[in-house]
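Me: I have a structure open on my screen and would like to learn how to read one residue and its surroundings. Could you walk me through it?

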Amino acid sequence: MKRLREFGWRAASVAVGLGFLGLWQFVAWRRFVNPVFLPGPIETWNAMLDGFRTGMLGERTLATVQRMLYGWVVASLVGIGLGAAIGSSRRARDYLAPTLEFLRPLPSSAIVPVGIAFFGLSNAMVIGVVAFGSLWPTLLATIHGFAAVERRLIEVARMLRLSRGAVMVQIAFPSALPDILAAMRLGLITALILSVVGEILAFQGGLGSQILEASRAYRSPELFAGVLVLGMIGLASNLALSALETRLLRWRAPR
Amino acid sequence: MRWKGLVLPAGAVVLAEACARIFGIQSDSLAAPSQILVAAWGLLRDGSLFAMLGQTLLSALGGLLIGGGAGLLLALVLGLSPVLTRLLRLPIEALRPIPSIAILPVFLMVFGFGYRLEIANVSFACFWPSLIIGQAAISGIEPRLLEVSRVLGLGFWGRITKIVIPAALPRLFVAFRLAASVALIVAVTVEIALNPQGMGYELMSAQSSLRPEVMFAILLYIGVTGWSVNAALLLAQRRLFGRAGALPGAVPGEAA
């Protein structure tokens, strides 16, 4: 009975979503908004299918996803490694944390010009900027997670005569993992945004270039198709990381 | 203990200055800290700092008020109507993951360059954290308070103004604070990517005209601005609400 009701609500929500799509189609069809700016959902969908059929859109999507993932993986590895080292040492925290906290509110896109100054308008620049920008959430969350390990767990570890490395791997890391995973999810969104910003500025192909060119040329179906694909990338990466989170955090007591 | 935090930045500045003096760097991408300070003073003296700062802050504030306000309003409505919350779940979950930068070219096509472009994009970005955290704030209200409001026979507006807003205010302020930091970040990002105004644009044009000292000076000002806004809002939160605003666990948000 309860499952049936849950299913009913979900179906109703899908219906509302479809209703919004219908409304959008209606507005576009009756030309309430200038069709130069607003293509209908069907037109957008067709533009996306056409794009994938000719291979252009697929290629650009792949380029953007690659940049996003390369940068994010590097940022996550460096962030967790560096964060673990800083977080588990009181002295390192005292010296480094204030500087890192000052840098936290800095928009990570602000390092794009610095990246261009050093690496020029290149693919390496985009990936470097993505990695640097998505490093912060993971780094700061790892430091916090390692610093906030329950004291009693550390005392137990000391009683068991665990080595420093074993404490970090077996106790501190699992206890920091929820913080780290939440930050990695934020980092992945940041990576996607920075890939697009980098592509817009550096003309390196990818979806960022696609949506900018389409917008400059007033080819709105192509533009909306690009936005649609970017939204789907965002949705897919979010879902993938939530699934990972549930899997990796299964050992925690259900809350 | 506080002096320890200064060791690293001070050391880095001294080292960079020493390197610049000893090796006499003539570079298109690096500048000595003393040159950066001179450039920073120059921006302050000729007033160009205030011009670009004003443009960025105005856009961020406009977007924050529109997008953040709309997000809070929807959060209020959804917080009081479980039916609507369930019905709108799918549309919200489908729209939320769209990165705000992806919408930028759409607004560019509609508005062209200028304040409207930037404010529209900041509004879109501020809407989501404000909605999500606002919803969390309202669902965190003690259910008995809502029962009391029902017993008292308060109408919709009465419930909102007399019960919901006062009870959820500390956490609604958290939503506002996080939306404000998103607003500033997105405003600068829009300026860096497209919009020819504000600090982000000046940062880009300092880079492309090969004046690294100006570029780093503006970067410094952007950092100081973000840090000050954050610090001021955190201070206001502590002064106004004490610990009541603290959210358990990580907070969803978006950064760029």
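Reply: Gladly! Keep in mind that this is a predicted model. Let's start with B:Leu203: setting aside neighbours within four places in sequence, its contacts include A:Ala110 and A:Pro113 from chain A, along with B:Ile192, B:Met215, B:Ile218, B:Leu219 and B:Ile222 from chain B.

Me: How should I think about nonpolar residues gathering like that?

Reply: In soluble globular proteins, nonpolar side chains tend to be buried together. Here, the largest nonpolar core has 126 residues, and B:Leu203 is among the four that touch the most other members, with A:Val197, B:Ala183 and B:Ile218. Helix 9 of chain B gives this core its largest share, 20 residues.

Me: How many residues of helix 10 of chain B are buried?

Reply: Helix 10, residues 198-208, has 9 of its 11 residues buried. Among them are B:Gly198, B:Tyr201, B:Glu202 and B:Leu203.

Me: What covers those buried residues of helix 10 of chain B?

Reply: The cover includes helix 3, helix 9 and helix 11 of chain B, together with helix 5 (112-119) of chain A. Just after helix 10, look for B:Leu210, which takes a positive phi of about 55°.

Me: And how do I read the contact between the chains?

Reply: The size of an interface is often given as the accessible area lost when the parts come together. Here we can count residues: 48 from chain B and 52 from chain A take part. On the chain B side, helices supplying at least two residues each include helix 1, helix 9, helix 10 and helix 11. That side divides into 34 nonpolar, 9 polar and 5 charged residues.

Key
Residues are numbered from 1 along each chain as its sequence is written. Chains are lettered from A and ligands numbered from 1 in the order in which they are written. This is a predicted model: local features need pLDDT of at least 70, side-chain atom pairs count only at pLDDT 80 or more; totals for chains, interfaces and linings use all residues. A residue is buried if 20 or more other C-beta atoms lie within 10 Å of its own, exposed if 12 or fewer, and partly exposed in between; C-beta atoms are placed from the backbone. Helices (H or I, at least four residues) and strands (E, at least two) are DSSP runs, numbered from the N terminus. Two residues are in contact if their C-beta atoms, placed from the backbone, lie within 7 Å. Ala, Val, Leu, Ile, Met, Phe, Trp, Tyr, Cys and Pro count as nonpolar, Asp, Glu, Lys and Arg as charged, and the others, Gly among them, as polar. A nonpolar core is a set of buried Ala, Val, Leu, Ile, Met, Phe, Trp, Tyr and Cys residues joined through C-beta atoms within 7 Å.
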